[in-house]
Amino acid sequence: MAESAQVPTLVYLVTGGCGFLGEHIVRMLLEREPRLRELRVFDLHLSPWLEELQTGPVQVTAIQGDVTQAHQVTAAVAGSHVVIHTAGLVDVFGKASPKTIHQVNVQGTQNVIEACIRTGTQFLIYTSSMEVVGPNVKGHPFYRGNEDTPYEAVHRHPYPCSKALAEQLVLEANGRKVNGGLPLVTCALRPTGIYGEGHQIMRDFYNQGLRFGGRLFRAIPASVEHGRVYVGNVAWMHVLVARELEQRAALMGGQVYFCYDKSPYKSYEDFNMEFLGPCGLRLIGTHPLLPYWLLVLLATLNALLQWLLRPLVLYTPLLNPYTLAMANTTFTVSTNKAQRHFGYKPLFSWEESKARTILWVQTLEGSAR
Ligand SMILES: NC(=O)C1=CN([C@@H]2O[C@H](COP(=O)(O)OP(=O)(O)OC[C@H]3O[C@@H](n4cnc5c(N)ncnc54)[C@H](O)[C@@H]3O)[C@@H](O)[C@H]2O)C=CC1
Ligand SMILES: C[C@H](CCCC(C)(C)O)[C@H]1CC[C@H]2[C@@H]3[C@H](O)CC4=CC(=O)CC[C@]4(C)[C@H]3CC[C@]12C
């Protein structure tokens, strides 16, 4: 990568740059990558906030496009030094068909890889997911695991299957020759459950709580721990990897890194209450209010209803067999691989991450504060 202390020279492309995580990556790059000359933001749907970024020193180029369309991807990648591929279809509720999820997450990623090869772009960072590891279909716990912890990663749901396949494509592409003869350098970041400003599922829980008169009802035992990470720290890890990948290609190329920070290990519901509690919601019950077998029955009924109603209406409740299994299985990471390989330290402390997320929840419609 050409580098100069004075003149910014680098061109970055962020796919999915208008999504929840993508927006944080875009803003973080503009704040913390002084070598940036142009930032290309590629997304199926462009957001209005991109307009306000056009006034700074970096040229921000908004590109409306679809990762499943190879020619659109190639045109966007051509001339960029680094690609951060964050675009993806995040669907565990049955909103999209398995085929569409595969097309976007797997074929889309293949298109990004081939575009790098064809156009001579050497550095590719892929936003993978903890879901490529687990929880698996057997509900085995993964307790404080790291990138080398043995775990039977077996999935059936289209989303984790697609993320696992896409990650494999990215890692296998490391070392392939790009146009011009240099080797492609790739790596994959695996966030656990991301939270923070803009998190749609947090918004859904908040609205659900408001509908029930400020109450949420405990469904999962408090002892089931679920890994979470603040969106600002996930974005920061992407920025750091992009910065360090050239110098440390031999060490980082073809590697996977969990995205982690100092967010506390808690159950999914107790963790959400760290933000929803200060915004006026209460979690009712110290133990689950319904027995687990009944939740399984309700989740199965929801899946059946979704299937029956599909010709008429899209029924996509939060509770289905997959989300129940996810929420009910301990999955936490404890690692320092990113710190050892490229000096990652969380940019935001837990206290800051929490304060920022609470401030955001307070701006949501219906908030009493
Ligand atoms: N939200 C989470 O907890 C986690 C997310 N991830 C991964 O992080 C990435 C970003 O996820 P989020 O920001 O949460 O999702 P999001 O849905 O907010 O963002 C995804 C973005 O990709 C764009 N996109 C979707 N299909 C596209 C297509 N065909 N062509 C171009 N753009 C397309 C969407 O318009 C959206 O802006 C995804 O790859 C996801 O798998 C990984 C771990 C956890
Ligand atoms: C929606 C689930 C919680 C509902 C529990 C209920 C119905 C009993 O109240 C969420 C529990 C775990 C979440 C997933 C997890 O954080 C890991 C993820 C990683 C990703 O790459 C995408 C998002 C997600 C699948 C996330 C989705 C919501 C949960 C299933």
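## The nonpolar core

A nonpolar core is here a set of buried Ala, Val, Leu, Ile, Met, Phe, Trp, Tyr and Cys residues joined through C-beta atoms within 7 Å. In this predicted model, the largest such core has 90 residues, of which Y12, C116, L124, M237, V241 and A242 touch the most other members. Helix α6, which spans residues 231-244, supplies the largest share of this core, with nine residues.

## The shell around ligand 1

Ligand 1 is surrounded by 25 residues, and the closest of them are G16, G19, F20, L21 and G88. Two or more residues of this shell come from each of the elements α1 (20-32), α3 (98-119) and β8 (193-195), and α1 gives the largest share, with three residues.

By class, the shell around ligand 1 divides into 11 nonpolar, 11 polar and three charged residues.

## The shell around ligand 2

Around ligand 2 there are 16 residues, with S129, G193, L319, M326 and A327 coming nearest. Helix α10, made up of residues 321-327, gives the most to this shell, contributing four residues.

In terms of class, the shell around ligand 2 comprises 12 nonpolar residues, three polar residues and one charged residue.

## The setting of H157

H157 lies in the loop that runs between strand β6 (142-145) and helix α4 (158-173).

Not counting residues up to four places away in sequence, H157 touches V92 and Y322. H157 and V92 are separated by 65 residues in sequence, while their C-alpha atoms are 8.0 Å apart in space.

## The annotated transmembrane region

An unreviewed UniProt entry places the feature "transmembrane region" at residues 290-309. In the model, the span of residues 290-309 is 90% helix and 0% strand, and its end C-alpha atoms lie 26 Å apart.

Conventions:
Residues are numbered from 1 along each chain as its sequence is written. Chains are lettered from A and ligands numbered from 1 in the order in which they are written. This is a predicted model: local features need pLDDT of at least 70, side-chain atom pairs count only at pLDDT 80 or more; totals for chains, interfaces and linings use all residues. A residue is near a molecule or strand if its C-beta atom, placed from the backbone, lies within 6 Å of it. Ala, Val, Leu, Ile, Met, Phe, Trp, Tyr, Cys and Pro count as nonpolar, Asp, Glu, Lys and Arg as charged, and the others, Gly among them, as polar. UniProt positions are given in the numbering used here, feature names are shortened, and annotations may be inferred rather than shown by experiment. Two residues are in contact if their C-beta atoms, placed from the backbone, lie within 7 Å. A residue is buried if 20 or more other C-beta atoms lie within 10 Å of its own, exposed if 12 or fewer, and partly exposed in between; C-beta atoms are placed from the backbone.
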